[in-house]
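Hello,

Here is the structure I said I would pass on. Please open it first, then read the notes below.

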Amino acid sequence: MTNARVIDAAETESPTARPSVIPVVAATSLRVPGRGRNAAGAPVRFSFDGRSLTGRAGDTLAAALLANGIHLVGRSFKYHRPRGILSAGCEEPNALVGTDRGKGRYEPNTRATTAEIFEGFCSTSQNCWPSLRTDVGAINDRLAPLFSAGFYYKTFMWPKSFWNKVYEPIIRGAAGLGKPPTEPDPDTYAARYAHCDLLVVGAGAAGLAAALAGARSGAKVILVDEQAEAGGWLLSEPDVTIDGRPAWVWLSDVVRILSGMPNVTVLTRTTAIGYYHQNFLGLCQRLTDHLATVPEGAPRERLWKVRARQVVLAQGAIEKPLVFAGNDRPGVMLAGAARSFLNRYGVRVGERAVVVTSHDSAWAAALDLARTGTAVPLIVDLRPTVSPDLLAEARRSGIEVMCGGTVTDTRGRLRISAVRVNPVAASGTVGEGRWVACDVLLMSGGWTPSLHLFSHTGGKLIWDEDDQIFLPGQATEACRCAGAGTGRFGLAAALADGAAAGAAAARDAGFAAKAGGFAVEGEAAMTGIACRDLPTDRDAAFAKAFVDFQNDVQAKDIRLAVREGFRSVEHIKRYTTNGMATDQGKTSNINGLQIAANALDRSAPSVGLTTFRPPYTPTTFGAFAGYNRGSLFEVTRRTPIDAWAAANGAVWEPVSLWRRARYFPKAGEDLHAAVARECRGVRASVGLFDASTLGKIEVVGPDAATFMNRLYTNAWTKLEPGRCRYGLLLGEDGFIRDDGVIGRMAHDRFHVTTSTGGAARVLNTMEDYLQTEWPELDVFLTSTTEQWAVIAVQGPNARNVIASLVEGIDLAPEAFPHMAVAEGRICGVPMRLFRVSFTGELGFEINVPARYGRAVWEAVHAAGRPYDIVPYGTETMHVLRAEKGYIVVGQDTDGTLTPDDAGLGWAVGKAKADFVGKRSLSRLDMLKPDRKQLVGLLTQDPRIVLQEGGQIVAERDGPIPRRMIGHVTSAYWSEALGRSIALAVIEGGRSLQGQTIYVPMPDTVHAATVSGMVFLDPEGQRLAA
Amino acid sequence: MLLITCPYCAAARPEIEFAYAGEAHIARPADPAALGDEAWRDYLYIRSNTRGLHVERWRHINGCGRFFNAARDTVTDKFAATYRAGDARPSALLSEGVQR
């Protein structure tokens, strides 16, 4: 039934001669009855570009499309050339489609060769308009001479202003693949950790043998494979026997044995995406993408983070395409892929297949196809001689053979219709071509060991001159490669190598393991040669011979890059974009390297291989995010009073990890109105503020005062118990790190407060000095931030409000003055009461154990009712503190301000011999008069509130860019002053008092006068009340 | 993710339990006021930036809380040793590292 005779009309070399039309076949006839892993699979309805089609349960989308006679599935990235299915696996560069699993579950760039279909599966082609068959963008193909490597760097140079607005949007619009989904991802993603003695990556023959050897020794084994079932290449080669059993019987036996062992975990649909330090691997397990009905709440994917004592990498090998003119037409595919589609899915990829190869393995594909009803008119082998066994088998199947041949062109707009083949003489001269009709062209350029994960570890690759492949060299981790990944092609070699690697790995993990032996019969020959782009009788400079299908990189682009002076493979890659697409060059890297090495007249290893980086295949963001999304992305810290604030209409603001009440709007109030009311309430009577987020550290021990002296700028020795002091903390570089009020509770006990965001950092700094610089000091540090609820009561009536609630402390001004601290009780619960103020008003900060915070807050609120007590939020807090010139570290300072720069020179203990940062304060640069200093600003128009971060210049007019002399750090509307106020850092700012500076904005320039930092009550009378 | 052995806990723990804390064995001068500007600058800012074995500080911040020292190869990220704060640097390791 096979037809070895070449159609007459196609035999002549004439531009007008066209091969005879191949009859359209009924789709069902492409399925071979009884063949394939899913031979008994139920029919499954799916759609492609709106066409309703029937596949079979267990098909990949590629298999199902091919069964329907569809090769054309997409348009290429740059030239919009029609593209088909090249491979049958994860290396697929061409057949990328959009899949829609409904309810916002659209995914672009899914490989048709890995997507499993199910009832109702929906897919669409990409990068084409208005349709896949008629694509306007295909004009790019006609214009291809304009689009050579680096074309946009050279072409779109002028005018410069056109780049952002014209050229780049057009280029970006014309190029590309799928469109990203626009809706939030509705799926959930899981994650887990695992530990094992032996992790085996790849469940082909080598991986199965390795897992078996490890598992039988008692080692805890995890075996992963990216495909839907274990077996690897065995799934595509059913006609061999292992230990006297047909391959698939052996396979199911082994899988059953492994799955039944309690020390073995077999994970399919699980890709080892990255191999990190100390045998830590990331595995992405796909759980529901292949299901028609997803169980409610089931995660879509699960990221496994595995720490393995030993690893065996049995990733196999990837078949290389051949590089010749027209090698990208739909219908041109890898020979091994055709064999997979036939043997694994029972799908013939065409009616009439020509094979071109430099490797034995393609012959097996030709023979399998010929046996199952596909005409195979011709095998073109690039080698002058091949094994007599192969020749004999081809002859038996009636296949014509051309040894020492080449392919120089193909025809067919949306599907290959003919291939031009030429003999090559021993001298290398390419003879006359002839056209051979076909509807598929199967190619094989040999096999590339998959060493991606091995490369992730930094393991060195060694060039094998004989086979022209890279092989794994010295490993940097406890890992071994096995099987085709080590260049040991063939089933018997893979089984033996896998068993040996698995046993050795288990022994290294401490188990007594033995490698089992396997008897293999009937496997295909696996020898071949490597070649760069194929010889041709035409001008190679005009050949559309593709190396990287996904990025549309041709052999001539790589040569162009070399001619233009690129030498390093890393530079050639980036200039041509070879290997930079989503397939990461799985099919193109070695071909590109061989062509570049040839053009450079250097050996392949001296040109080098680009670095493989994780992930091995494209991985969803969801898998990486896992559970850490939405409210679980980051913790939200809440104070004990948070629930009260929520019930009373607080508008929130995030402050480090806390959520804090920003303001409490009454009906109809916006931010401005609410804050103005809150400010008036505090200054006129009394306000209530939740300050629980303040960092709090208890510094205790006989050497506590010495420790505080060494750390903070201030002097602490003479501070009496029962008194507080404003403390300033510097880095050794002399710049402000943190500040806060510190109370001395007892001779050996300090209650340190820090800024809300600085608490953890300050404690870390304290621990660092205590543990490593001054371990002789007898001090204990304890974070008490969460232990105390802090309720600030501020305003002229503050004392009146709390007086009735406080027990055991005389609140009279002379008994309990500003900056006093005492322990007592409030509402019957223990309390530390601070008389401190961040508002400039009479103020108290009530510290009570966190669990009483809410109750005490409500009691104070109730007691304040006669005084119209007003709860206020962080916004009002900021206005009130700015009116007094109190700084916020991190807002008014930025890590370049010294105490003097910030106007806090008074807080530095001049008499102290040393403290952290003191030495830096006398460095020459710290003493310059033009350092940026913190000052006040009053806008000349009092209604204008400056923008925080606004840049400051000295002159209103002048050339742009103007020199910037500072910036606005804080700016508010001051209700008390009836005008705007601001703080700013300005070069030599204190010497500019009364002078005018300018803050340019996009549409105007604001003028402001430099002032002091204290806008309200500079004498501090309200504070002392 | 690295596995780091805390010398106080005497256990290997994942990297997320630790915080890096800069180069090790840079002692704060006993009397900073006695140092010239250049010597003080060196203390503040000048670091060895080693390619190869590097001695550095880590804190077991989400574990025991202790600061300790480690010798790590900055090329391979492999830890040669970890040891307690205050212990002398492992000189045998470091002379080897210099030769790399």
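Of the 100 residues in chain B, 21% are buried, where buried means that 20 or more other C-beta atoms, placed from the backbone, lie within 10 Å of the residue's own. The model is predicted, with local features needing pLDDT of at least 70, side-chain atom pairs counting only at pLDDT 80 or more, and totals for chains, interfaces and linings using all residues. Residues are numbered from 1 along each chain as its sequence is written, while chains are lettered from A and ligands numbered from 1 in the order in which they are written.

Chain B has 2 helices and 6 strands, in the order β-β-β-α-β-β-β-α along the sequence. These are DSSP runs numbered from the N terminus: H or I of at least four residues for helices, E of at least two for strands. Along the principal axes, the C-alpha atoms of chain B fill a box of roughly 40 × 35 × 20 Å.

Two residues are in contact if their C-beta atoms, placed from the backbone, lie within 7 Å. Among contacts in chain B with a separation of 6 or more, 50% join residues 24 or more positions apart.

Chain A includes domain 4 (643-681) and domain 6 (928-1025), with bounds from an automatic or database domain assignment. The C-alpha centres of these domains of chain A are 27 Å apart.

Regards

Terms used:
A residue is buried if 20 or more other C-beta atoms lie within 10 Å of its own, exposed if 12 or fewer, and partly exposed in between; C-beta atoms are placed from the backbone.
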